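Trainee: I'd like to learn how to read a model like this one, feature by feature. Walk me through it, please.

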Amino acid sequence: TDPALGRLVGLLDRLTARQTPVLLGGGTAVAIAALVVCWLQPDSRRLMLAGSQPTEPPGERALAATQLVPLLDLGLGRHGADVAVSVVRTGLELLGA
């Protein structure tokens, strides 16, 4: 087992249990952790937004299984989430939030 994956699962589990929205990175480990949390807490899906599409097949399959649709699909993998964060921040600023 991977202790980092366990920490990711624990973090996502706690955040969603506290009703905290989460913008997910586009890495394979994050997609797998999200899948585990969605399996443990099916309602947690509504609090997660995939920032970008993973570029590795296991990450693509894990994200597809969560039924989350990536905010961006620029082929950047885990680095695409950085762009997604900027898009979300800009949108919030425009809304005055």
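## From loops to packed helices

Mentor: Gln-19 lies in the loop between H1 and strand E1 (22-24). Helices (H or I, at least four residues) and strands (E, at least two) are DSSP runs, numbered from the N terminus. A word on ground rules: this is a predicted model, where local features need pLDDT of at least 70 and side-chain atom pairs count only at pLDDT 80 or more, while totals for chains, interfaces and linings use all residues. Residues are numbered from 1 along each chain as its sequence is written, and side-chain values use heavy atoms, leaving out hydrogens and water.

Trainee: Got it. What is phi of Gln-19 near?

Mentor: Phi there is near 65 degrees, a positive value in a residue other than glycine. Gln-19 has a relative accessible area of 44%, so it is partly exposed. The cut-offs: under 20% relative accessible area is buried, over 50% is exposed, and in between is partly exposed (1.4 Å probe, protein chains only).

Trainee: Which residue just after H3 takes a positive phi?

Mentor: Gln-67, at about 65 degrees. Gln-67 sits in the loop between H3 and helix H4 (80-95). Its relative accessible area is 62%, so Gln-67 counts as exposed.

Trainee: Let's zoom out. How many helices and strands are there in the protein?

Mentor: You'll find 4 helices and 2 strands, in the order α-β-α-β-α-α along the sequence. The protein has 97 residues, and 35% of them count as buried. For contacts, think heavy atoms within 4.5 Å. Among contacts with a separation of 6 or more, 53% come from residues 24 or more positions apart.

Trainee: Now helix packing. How do the axes of H1 and H2 cross, and within what distance do they come?

Mentor: General idea first: two packed helices are described by the angle between their axes and the distance between the axes. Here, the axes of helix H1 (residues 3-17) and H2 cross at roughly 50 degrees and come within 9 Å. H1 and H2 are therefore oblique to each other. An axis is a line fitted to C-alpha atoms, for helices over the stretch in contact, and the angle runs from 0 to 180 degrees between N-to-C directions. Under 35 degrees is roughly parallel, over 145 roughly antiparallel, 65 to 115 roughly perpendicular, and the rest oblique.

Trainee: Is the crossing of H1 and H2 left-handed or right-handed?

Mentor: H1 passes H2 in a right-handed crossing. On the H1 side, the residues making the contact include Leu-5, Leu-8, Val-9 and Leu-12, and on the H2 side they include Ala-29, Val-30, Ala-33 and Val-37. The handedness rule: left-handed if the near helix is turned anticlockwise from the far one by less than a right angle, right-handed if clockwise.

Trainee: What angle do H2 and H3 pack at?

Mentor: About 30 degrees, with the axes 8 Å apart. That makes H2 roughly parallel to H3. Their crossing is left-handed. H2 brings Thr-28, Ala-31, Ile-32, Ala-34, Leu-35 and Cys-38 to the contact, and H3 brings Pro-58, Gly-59, Ala-62, Leu-63, Ala-65 and Thr-66.

Trainee: Which residues of helix H3 are buried?

Mentor: An α-helix has 3.6 residues a turn, so residues three or four places apart point the same way. In H3 (residues 57-66), the buried residues are Gly-59, Ala-62, Leu-63 and Thr-66. They span an arc of only 95 degrees around the axis, which puts them on the same side of H3; the arc is that of the directions from the helix axis to the C-beta atoms. These buried residues pack against helix H2 (28-40) and strand E2 (48-50). The face of H3 turned away from the buried side has the exposed residues Arg-61 and Ala-64.

Trainee: And where is Pro-57 found?

Mentor: In helix H3. Pro-57 is partly exposed, at 47% relative accessible area.
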